[in-house]
Every structure is written in structure tokens, then in C-alpha cells.
Amino acid sequence: MTHLYTTPEAEMNAYNFAYLDEQTKRMIRRAILKGLAIPGYQVPFASREMPMPYGWGTGGVQVSAAVLMPEDTLKVIDQGADDTTNAVSIRKFFEKTAGIATTEQTTKASVIQTRHRIPEAALSEGQILVYQVPIPEPLRFLEPSEVETRKMHSLEEYGLMHVKLYEDISRHGAIATAYAYPVKVEERYVMDPSPIPKFDNPKMEMAAIQLFGAGREQRIYAIPPYTQVVSLDFDDFPFEASKADHACDLCGADDSYLDEVIMDDKGTRMFVCSDTDYCAARRHAGHVGAQGIPEKESVI
Amino acid sequence: MTPLLQVKDIAKTYGARIGCTAVSFDLYPGEVMGIVGESGSGKSTLLNCLAGHLEPDAGQVLFDTRSAGMQDTVTMSEPERRMLSRTDWAFVHQHARDGLRMNVSAGGNVGERLMAVGARHYGEIRSQAIDWLDRVEIHETRIDDRPTAFSGGMQQRLQIARNLVTGPRLVFMDEPTGGLDVSVQARLLDLLRGLVRKMGLSAIIVTHDLAVVRLLADRLMVMKDGHVVETGLTDQVLDDPQHAYTQLLVSSVLQV
């Protein structure tokens, strides 16, 4: 280290805006643009080492860093929640390295980085949703060879994807794939939507830009606004966006994706919205679920 | 009658070594052609060249396609060739493991080709799979078992079902009975003979087992060191071999 005695300001200036250097951002932006031009196609990119382990969202962080502008407002969610480890640390990372505003409100954010969920509130034009992707290749567990899967994508040989769904039905009587449910984008590429619950699949036809970053696997792919995204299925076993058959116990919402929380060792369980912002906004508006208490009383 | 497959001067070398060279023949619809020869004689190289797994260095492989008539499969585009290999062609590997997906159930294995050509109705795919398992004498109750739970003979029969489900017109077989014990071999041959005759399939069978070609093949091609040394009707070649190597081959068969 050259400067041992640095002021906080000088320390800030040691970082380029949003951590990555401009050449790296340029390379990532180029991959993003290519991804947007070919919806669902996995664009290879030279993923960088990030100050976090693989599997913690290195791909998503790089994509976010490349699209962030100083005037952006960032929201980070992990399984729908703003207050879990992954979300908190990534939010802090960008607060520190980009000095941008952050929010927990879906509607106020211009860039939303997400792990495993799409927010309940409909996204609008001008917003960007960045997904963290562990394994971008939907055919991976059926076909181990990357050479072969690339060929299958380029020749549109997607019969194998249905073999997986067939296996599900033959073993479980229904398509048991509940997350990372394969989709076909704009009638061309079969894509892994990252491990979001299949409940979120229909939301992927949205007004916002969706970007997917897989750091370890070095792939970026994208869905432009208003792009057709169809979940694969069989004629006699159509796709179903399923969720727990329950209403949120805190806010009473019956249209949101729920987390099941085990309360004790006697089998008591509670269902709550996985989207914490959605739940809080509903409770703020006066909705109360079966086990909830009105917001005013809950504030100590 | 036009031939289904016309092979013209196929050659494949591995560096300076010859894989196979100057092989030409016609195969007519419904005909079964046997290729025999010792290990290293180039018969598998030839088969892989014909089936599009290897690119030959010279020559043409013309196939009578449904849509466009005679087409050279060596020069056709890869998507077309791959389409052909999962519709009109079938390839039965010597080791069933090479031709099956071992982590997918028997039904899924049979259904894969159907789904690859666009079948999207689970019930229909399943009933066709059951029908085909029945035809290769695998009981319907085994449909959801993985091939790892099957015996060698069953795996081989499953591989055949998986290949024939889309009603191909030409089947390539690479030592289909290799590694099976004799009673299982006999049943498999019986089954193959029945299927080939019933479906009017054309087939090219590579083997070193003369009994297999005696039972299945109409015509025979004998290879040695990459060259075809003798061709003719199966009975003719086996009962009245002309070439010294064929004579050796025929006389080497052990009599019980």
C-alpha cells in the first residue's frame, strides 16, 4: 500500500465508481447489449474476481456495477427479503463503492438486484432487474458437455428439456420442478430463469429490462421489455404457477408468494410474504393477516 | 427401384494409417447388409462415416431423403444431418450405455426421440413408450425404472426400442450382440429379425460374429485392413468364400 495515512475521501477515490474499472464495465456492457439483442442467448464474458465468494452473486454484482449510474437508486433482495445477509452486504457494497442512493421500496428503485425472486409489485419501464444466476445452462444436468449444449442451443434441439419434465411427471404425477423452471424466450432460446419459484415465471413478460449474470460460469443473458417468455409444458400437463395454498399471516395477501416458517418443534407453522417490501407496504396500508397485529400497535 | 443409400468411394485415414478406403455399395429399401471383418479392419470407421459421426476424407454418402430425394449426407448442413439422425436414421451402439441416458427412466429414454421431433402430449408419449417396451419384451411395469436397474440384454433391447420409436428407415448397428451371453444373443437376434422384417427396415450391421450376419443379413461385405475384399449374398459368401481371408474367417468359426 502506498498511502498509509489516507482520509476517508481519499479512500473513496481509490475506487472507480461502482468498483469495476471502466474497461471492464465496457466489456460487460457489450455483453449485456448483445444479450438484449438476442433474448435468452447466453453471452460469454470475462467475469472478474469480485470481493465475495462465487455463489454469492458475483455475476449479478458485476452486471449491476456495469449498469449503475450515479443518479440511480438501488434495491437488493435475497429470496424477496431486503434484510437478509446477501442483500444487506451487496447493498452496503454499492453504497460504499458507488455512493448511490438505496431503497427497500420496489417502486422507487431504478436498479433492483435480486436473488431467487421477482418483486410482487409490477415493475415499470425504466427499471432494470438484475438476477444472480448460479447455473445459466438449463440443459446442464441432462447433458454434461458444454460443446454439446451449445450445439443444441444453436440448432434449437430442445427435446431433452421435455425429457426432464417427462421424468417429473412419471415420478411424481405432475411437473414437480418448482424453481428454475425452464422457459422459451421469443420462440427461440430455452433459458434458465435462475432459481426463481415457478410462481414468478409469468411475471417475466414485464415492462422492465431483465439482466442475468452468472459470475462463476461467465455468462450474461437478458430479456428486453415486453418479450414473450413461455414456460415449457405438455399439452395434457399445462404449466401452473403454484404457491402455498394460504394467505400471508402478517398482511393477509392471498396473491403473493409465501415463505413457510416453522415456529416450534410441534409442527406449528406460519406463512408470510417472501417479498418483505410488499408485505410491509400492505401492513402500512392497514391490511392485517390472521396472526398479524395492526402496524400502529406493533411499533414499540 | 432406387437405392435408399448409395455409398461412393468412401475413404478415411488417421494420419498415415488407413481407416477404410475405396468403399462403395448400394443399399436398397428393406435390405440388410452385414459388414464383417476382424478387429481393426475398418468396419466401425466405415459405419461411423456412414452415420455422420466421422467426417470421411473422400467420397459420398447419398441418402434418399423424404423431402428432397437423393442427398449427400457428407456435405449437407449439420442441422439437416442431425435431423436425419433422429428421424430416418437410428444407431444401435455396441454398449447400451453409449446409446442410452442412464439417469433417465426407460420411458424417458424411449420418449426422447419423440419429444425431439415435437411430441408434446405426455399421455401419447407414454403410451407409445409402453407399446415399444412391449415390442422389445420389456414389461410395462419397468417403464419408470432407470436403465442402470436393467440387465445387459434388457439395456440393449431398450436401446433398440429408443431408436426405432420414430419409425426410422435405416438402422446402423455396431456389434449389437457384443458382450451378451449366447442365449440372450439368440433372443435379441430373433427380436431384431422380427422387427426388421415387420417394419421393412434397411439396416447395416457391423459385427465379427458370422452367426449374426447369417441370421440377419441379406448381403455381406468382408473387410480387411480398410479394404473391402469380398462382397456378395450372405449364403454365397459364407458357403463359398473366394478370398483367402474370407476362407480363413469362415473356417475359424468354432463348431460345437
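1. Let me start with E112(B), which is buried, with a relative accessible area of 12%. Keep in mind throughout that this is a predicted model. E112(B) forms a salt bridge with R162(B), and their closest N and O atoms are 3.0 Å apart. E112(B) sits in helix α4 of chain B and R162(B) in helix α6 of chain B, so the pair ties together parts that are 50 residues apart in sequence. R162(B) is buried as well, at a relative accessible area of 13%.

2. Staying in α6 of chain B, have a look at Q156(B), which belongs to this helix (residues 152-164). Is Q156(B) buried or exposed? With a relative accessibility of 2%, Q156(B) counts as buried, the cut-off being under 20%. Beyond its neighbours within four places in sequence, Q156(B) is in contact with V92(B), H93(B), Q94(B) and A96(B), and also with P176(B), L180(B) and L188(B).

3. I204(B) is another residue of chain B that deserves a look. I204(B) lies in strand β8 (residues 202-207) of chain B, and its relative accessible area is 0%, so I204(B) is buried.

4. Next, the interface of the two chains. How many residues does each chain bring to the contact? Chain A gives 22 residues and chain B gives 22 residues. The area buried between chain A and chain B is about 1,900 Å², with carbon and sulfur atoms giving 55% of it. Five salt bridges are counted between chain A and chain B, and the interface also has 13 residue pairs in polar contact. On the side of chain A that touches chain B, α5 (146-154) and α6 (159-172) of chain A each supply at least two residues. Of the elements there, α6(A) gives the most, with nine residues. By class, this side of chain A has 10 nonpolar, three polar and nine charged residues.

5. In one, the side chains of E148(A) and R82(B) meet at 2.9 Å, N to O. R82(B) is also one of the buried residues of helix α2 (residues 78-86) of chain B, along with L84(B) and R86(B). The cover over the buried residues of α2(B) includes α5 of chain A, together with β4 (58-65), β6 (89-92) and α4 (106-116) of chain B. In the other salt bridge, R101(B) meets E143(A) at 3.7 Å, N to O. R101(B) is in the loop between α3 (96-99) and α4 of chain B, and E143(A) is in the loop between β5 and α5 of chain A, so this pair joins two chains. R101(B) counts as buried at 17% relative accessibility, and E143(A) is buried with a relative accessible area of 12%.

6. Turning to chain A, why can helix α3 (residues 58-67) of chain A be called largely enclosed by the rest of the structure? The reason is that 10 of the 10 residues of this helix are buried. The buried residues of α3(A) pack against α2 (22-37), α4 (85-98), β4 (111-115), β5 (128-132), β8 (209-214) and β9 (219-223) of chain A.

7. Finally, the domains of chain A. The assignment gives domain 1 (2-138 + 179-231) and domain 2 (243-294). Their contact takes 15 residues from domain 1 of chain A and 10 residues from domain 2 of chain A. Together the two domains bury about 890 Å², 51% of it on carbon and sulfur atoms. R117(A), E120(A) and F199(A) supply 49% of the area that domain 1 of chain A buries against domain 2 of chain A, more than any other three residues. Zero salt bridges are counted between domain 1 of chain A and domain 2 of chain A, while seven residue pairs are in polar contact there. R117(A) and E120(A) do take part in a network of salt bridges, linked with D200(A) and K203(A).

Key
Residues numbered from 1 in each chain as written. Chains lettered and ligands numbered in written order. Predicted model: local features only at pLDDT ≥ 70, side-chain atom pairs only at ≥ 80, totals over all residues. Heavy atoms only, no water. Helix = DSSP H or I, 4+ residues; strand = E, 2+ residues; numbered from the N terminus. Buried < 20%, exposed > 50% of the residue type's maximum accessible area, 1.4 Å probe, protein only. Contact = heavy atoms within 4.5 Å. Domains from an automatic or database assignment. Buried area = accessible area lost by both parts, 1.4 Å probe. Salt bridge = Lys/Arg side-chain N within 4 Å of Asp/Glu carboxyl O. Polar contact = N/O pair within 3.5 Å; in protein donor to acceptor, adjacent residues only side chain to side chain. Nonpolar A, V, L, I, M, F, W, Y, C, P; charged D, E, K, R; others polar.
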